[in-house]
Amino acid sequence: MTQAGQDHRWTKVEAQRERAPAMYGNVDFRIIPERFTATAGDPTALSGEYASERDALLADAERLDFIRAYTMTGDAAADAYASLMRDYSFRTLVDMLVLACDQGVENVPDAPPELVDLIREMERTPDWVDMKLVEEGARIDRNSAANFGPFIIRGAFIATFMNKYAALPMAITGTLTTQTAARRVKDTATFFTTSLLPGALERFGPGFKAAAMVRLMHSMVRANVLRRPGEWDVSVYGIPIPQVDQMPAGLISIFLLSYKMIAEGREQFTDSERAMVELARYRCFLLGLPEDLLADTPQGIVDLMNARSGTLLSGYDDETCGELLRATMAADLRPNNSFRARTHETFERAFAKLFFVKSFMGNDKEKAASIGVDLKAGDIALAAIAGIFIYARMRLYALAAHIPGLREIADRRLVAKLRAQLADYGHAEFTTDARQYRPSAKPAAAD
């Protein structure tokens, strides 16, 4: 990209100040926060088998500037709407957003322009979106979500706070207790599960509304965090929940798929893989990720994810990451105290421990135990039993998907299982503590 192109990129970044002055009025967007590193030898989130990719990243000045810009980018439309806390109550903002999603923004009495802009942005379907392909991707993903998902929701959530720079917003906004951690896990699981229901991501589908609520929640967190200068230092942490930090949750499955394809020498997705990719991309689009971050080729997806990880300075703070980790591992995710619920949690918790030790501790059980995850022989046995059960069920549903007549029956069964999971998760709040969202005082009128 030319210098003029880079200047245009940063003009857009700095425009956040004008669009949401109450949130960003004092932010220097040109600062290079401590979390962003382009220095050779610095430890980063890009580790293990991916670490060798960092040299190529550091040699690409354009890619570095690109990632740095999105490290300082929030969600312009949702941030502007959240900034209306100066004029509306938190509850009113939520109610107006819900009504706009359910009935159309034109049916919201005296809808503020910021709400109109947010909804219209989400309604703008990009040219590349093929909703039939998105629906097919959801159908394919339902098998994994219904059978594997309930066993990994705790372990997968842990991945979001193993880095202190990315985890601090959750710590500041009250996710350090087992009760709030349980709510966060269920809210996250609820969004992704909802998005897989038939028609969920259509304009008036439940996934569209859930995405809008997640965007508002993230923007409320940004507003809440940025008004705490004693706890949040932009020169260290950058923008709370920047766009690059939303990539892993939404794109991790297709990143792993793409990396595997590249290792196999494949450059083109199969039809079913393309459907899963388009589901992930469109879901992320509804969540507010810029299309620049939604690559559509295996190499492009891998390059973007590695660029984010390769510029995120490694950092584990026990007071932040450790407390979040322990609170999540201790959280009670049971919908009730039935024998079935207690049995599932026993296997799920063991599976989560094993997943964590393998994924984040390099199989070092002693290191994991030192920060609060004590993986015992009994846990490994329970996780193995759960793994056999999960694999068998997924294989049966996968086989049924290829048999005429059984395909529709199996899919209806999976949809029913997902709806049952949503009932167990309870109503998704998609907010942090509403009591913390007090509007900033309006500036005094000029004399």
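Mentor: The talk below takes labels and sets them against their definitions.

Mentor: This is a predicted model, where local features need pLDDT of at least 70, side-chain atom pairs count only at pLDDT 80 or more, and totals for chains, interfaces and linings use all residues. Residues are numbered from 1 along each chain as its sequence is written, and side-chain values use heavy atoms, with hydrogens and water left out.

Trainee: Why is Asp110 called exposed?

Mentor: Exposed means over 50% relative accessible area, buried means under 20%, and partly exposed is in between (1.4 Å probe, protein chains only). Asp110 has a relative accessible area of 72%, so Asp110 is exposed.

Trainee: What is the phi of Asp110?

Mentor: Phi of Asp110 is positive, about 50°, although Asp110 is not a glycine. Most residues other than glycine have a negative phi. Asp110 sits in the loop between α6 (90-103) and α7 (113-123). Helices here are DSSP runs (H or I, at least four residues), numbered from the N terminus.

Trainee: Is Ile241 buried or exposed?

Mentor: Ile241 has 16% relative accessibility, so Ile241 counts as buried. Its phi is positive too, near 50°. Ile241 lies in the loop between α13 (234-237) and α14 (247-264).

Trainee: What makes α15 mostly covered?

Mentor: In α15, 12 of 16 residues are buried. Among them are Glu273, Arg281 and Phe285. Just after α15, Gly288 has a positive phi of about 100°.

Trainee: What makes a set of residues a nonpolar core?

Mentor: The members are buried Ala, Val, Leu, Ile, Met, Phe, Trp, Tyr and Cys residues, joined through side-chain atoms within 4.5 Å. The largest such core has 136 residues. Helix α12 (residues 206-226) gives the largest share, 12 residues. Tyr81, Leu97, Leu115 and Phe356 have the most contacts inside this core.

Trainee: Which residues does Phe356 touch?

Mentor: Contact means heavy atoms within 4.5 Å. Leaving out residues up to four places away in sequence, Phe356 touches Ile158, Met162, Leu325, Met361, Ala368, Ile371 and Val373.

How values were computed. Helix = DSSP H or I, 4+ residues; strand = E, 2+ residues; numbered from the N terminus.
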